[in-house]
Structure formats: C-alpha cells, structure tokens
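I opened this model to look up its overall make-up and then the surroundings of one residue. My entries follow in that order.

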Amino acid sequence: EEFLEWNQNEGTYTAKGEAFVQQSETSIRAAHIIARYNTSSETRSINHFIASGDVTYVEGENTAKGDKLDYDLTANFYFLTGENASVEGPRGKMTATKSITYDAAEDANRKVTATGKARYKSDDGRMVFGDKLIAHIAADGTLKTVSAFDNTKVITTNGTEATADKLTYVASTAVANLDGNVEITDDENIMRGDKAKIDFDKEISRIISSPGGKRVSGTLMP
C-alpha cells in the first residue's frame with residue numbers, strides 16, 4: 001500500500017504497507033517484507049525473506065504467525081519471533097512467547113523448536129507444555145516426537161495432568177515418558193515419583209521409582 005522498491009545494487013525487493021508475496025502454495029503477508037537474491041545470478045531467484053509486523057506465512061496446509069519472520073530458503077530454515085508466535089498444521093499447533101524455529105534441512109526429519117512458555121496441542125486435544133519444546137516431524141507433516149524441558153506438563157484428553165523436569169512424547173505409540181519430580185493428578189488422585197509413563201490411548205499412568213531413588217507415593221480417592 002505504501003511502496004514497492006527494487007534495489008539492483010543490493011539485490012533486494014522491498015514492499016511496505018500490507019505487503020504480500022506469493023509463489024505457488026506459499027505466501028507471506030506482513031506490514032514490511034524484504035526479499036533478497038544473489039546479484040551474480042542471472043535468474044535472480046529469491047533466497048531470503050525478512051518479514052515484520054503481523055506476519056502470516058502459509059505453506060500448503062501449514063500456517064506460521066508472529067511479529068517477525070527470517071526465512072533462509074537455501075538452508076530451508078526460518079526463525080519466527082513474537083509473544084504470540086505459532087505454527088499450525090492439520091495435525092496440531094505449536095505456540096510460544098519468544099520464538100519458533102523450523103528446520104527442514106532433513107526433509108524426513110524436520111525439526112521445530114519453540115521457546116518461552118511453549119505449548120503443543122494435537123488435533124485430538126492432547127497437550128504438551130514446557131519452557132522449551134523440540135518436535136520432530138516427518139515429511140508428510142506427521143508428528144514423530146515432542147520433547148519438553150523445564151516446567152513441563154502433559155494433559156490427556158480426559159483431563160489427567162502430569163508434570164516433570166523433562167518429558168518426551170512419542171506419537172507412534174502415544175506414550176509420554178517423564179523424568180524427574182513427576183506428579184500425576186487426576187481429579188483428587190495424585191501420584192508422585194522419579195519417573196512415569198503415560199499411555200494416552202489406553203489412559204494408563206504408571207509411576208516408577210528409579211534405582212536408588214525415593215519410593216513412589218500416591219493419594220487415591222474412591
């Protein structure tokens with residue numbers, strides 16, 4: 001809405017004011033977008049985007065939103081920042097209050113890292129929380145694993161909550177493994193121990209004492 005600039009010396013295209021760029025099923029919408037290309041290349045193929053101000057990035061069925069997007073197309077890597085940063089696909093949504101990075105250098109093992117009160121919510125309502133989440137995703141968008149660190153928590157579809165120092169959720173088995181200061185709460189029932197395993201499909205929670213660790217304990221209400 002304000003201007004579109006082509007700087008041939010620096011190899012940049014700049015759009016400001018409700019800026020929008022699209023190629024095939026990929027698009028970026030933001031207040032300000034800078035696209036870079038290699039000036040020595042005859043094709044002038046764009047290899048880097050920097051978008052800022054209410055950014056929405058769409059790639060097929062996946063949508064990323066935040067305050068700023070730094071996307072290196074050559075490395076197939078982007079860095080998204082903002083207090084309400086999010087990446088959403090048909091199988092789930094990742095949110096964070098600091099940043100989300102998306103690394104697709106290995107197509108069959110894409111890596112999404114969210115920092116700052118991060119949360120992953122699957123399409124069936126299962127949730128994983130942590131100050132840092134690391135998810136690995138297959139090329140077709142299927143979730144493989146989610147690992148959570150610091151202030152971690154999982155919530156099952158029936159409302160059972162579990163907290164721990166760290167945890168890993170394996171999507172293929174629908175099992176979460178929790179380590180360190182584990183506490184599982186279901187209504188008035190509470191179990192505590194060093195380790196735990198939660199089967200989301202079968203709704204089975206098992207508290208485990210590590211070798212040489214403290215005894216497990218629980219308060220179970222009829």
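For the charge count I took Lys and Arg as positive and Asp and Glu as negative, leaving out His and the chain ends, and I placed each charge at NZ of Lys, CZ of Arg, CG of Asp or CD of Glu. On that basis the chain has 26 positive and 34 negative charges, whose mean positions lie 6 Å apart.

I noted that this is a predicted model, in which local features need pLDDT of at least 70 and side-chain atom pairs count only at pLDDT 80 or more, while totals for chains, interfaces and linings use all residues. Residues are numbered from 1 along each chain as its sequence is written, and side-chain values use heavy atoms, without hydrogens and water.

I looked up the secondary structure and found 0 helices and 17 strands, taken as DSSP runs numbered from the N terminus (helices H or I, at least four residues; strands E, at least two). The C-alpha trace spans about 70 × 30 × 25 Å along its principal axes. Of the 222 residues, 38% are buried, where buried means under 20% relative accessible area, exposed over 50% and partly exposed in between (1.4 Å probe, protein chains only).

I then turned to Asp201, which sits in the loop between β15 (189-199) and β16 (204-208). Asp201 counts as exposed because its relative accessible area is 54%. Beyond its neighbours within four places in sequence, Asp201 is in contact (heavy atoms within 4.5 Å) with Arg126 and Ala174. The C-alpha atoms of Asp201 and Val175 are 8.0 Å apart, although 26 residues separate the two along the chain.
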